[in-house]
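This report describes selected residues of one protein chain and their surroundings. Please view the sequence and the structure together while reading.

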Amino acid sequence: MHRAIVLPLLVLLAACGTPQEQCIRTGTRDLRTLDRLIAETQGNLDRGYAYETITIYEEFWDYCPQPQVEGQPPVPPRLCLNERPIQVDRPKAIDLVAEAQKLAGMQAKRSELQTAAQAIVAQCKAEHPE
């Protein structure tokens, strides 16, 4: 039983990374975020449209508890119709010219962040040698 507790904890600790990896991950977060946005924007331009995430509600049958009356035998739950939210992506029209301008701006900003990230990585490696 003791192993069942220790092993997941070790896995969690290993996932956290070394101090150097944590420093680099923290220092390059903005660059990674911008890279994801650049990829998404480039995908929008390649497709000619974007995706937007919306929430729809799906009905499903569920067991609903019934009010209990003190001194009476318990009332079993009964089937009832319920709703649950579901996230779905749907196509969305975009202004391709504006999207291209946005991409160019993000690519310019990426160059700045890349230069800053190189300095941060070097600093992290100096502060936390492995």
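Contact means that heavy atoms lie within 4.5 Å. The model is predicted: local features need pLDDT of at least 70, side-chain atom pairs count only at pLDDT 80 or more, and totals for chains, interfaces and linings use all residues. Residues are numbered from 1 along each chain as its sequence is written, and side-chain values use heavy atoms, with hydrogens and water left out.

Thr28 lies in the loop between helix H2 (19-27) and H3; helices (H or I, at least four residues) and strands (E, at least two) are DSSP runs, numbered from the N terminus. Apart from neighbours within four places in sequence, Thr28 is in contact with Ala117 and Val121.

Tyr49 belongs to the loop between H3 and strand E1 (50-64). Not counting residues up to four places away in sequence, Tyr49 touches Asn44, Pro91, Lys92 and Ile94. Tyr49 and Asp95 are 46 residues apart in sequence, and their C-alpha atoms are 8.4 Å apart in space.

The table compares accessibility, where buried means under 20% relative accessible area, exposed over 50%, and partly exposed in between (1.4 Å probe, protein chains only).

| Residue | Relative accessible area | Class |
|---|---|---|
| Thr28 | 11% | buried |
| Tyr49 | 30% | partly exposed |
| Arg32 | 32% | partly exposed |

Arg32 is located in helix H3.
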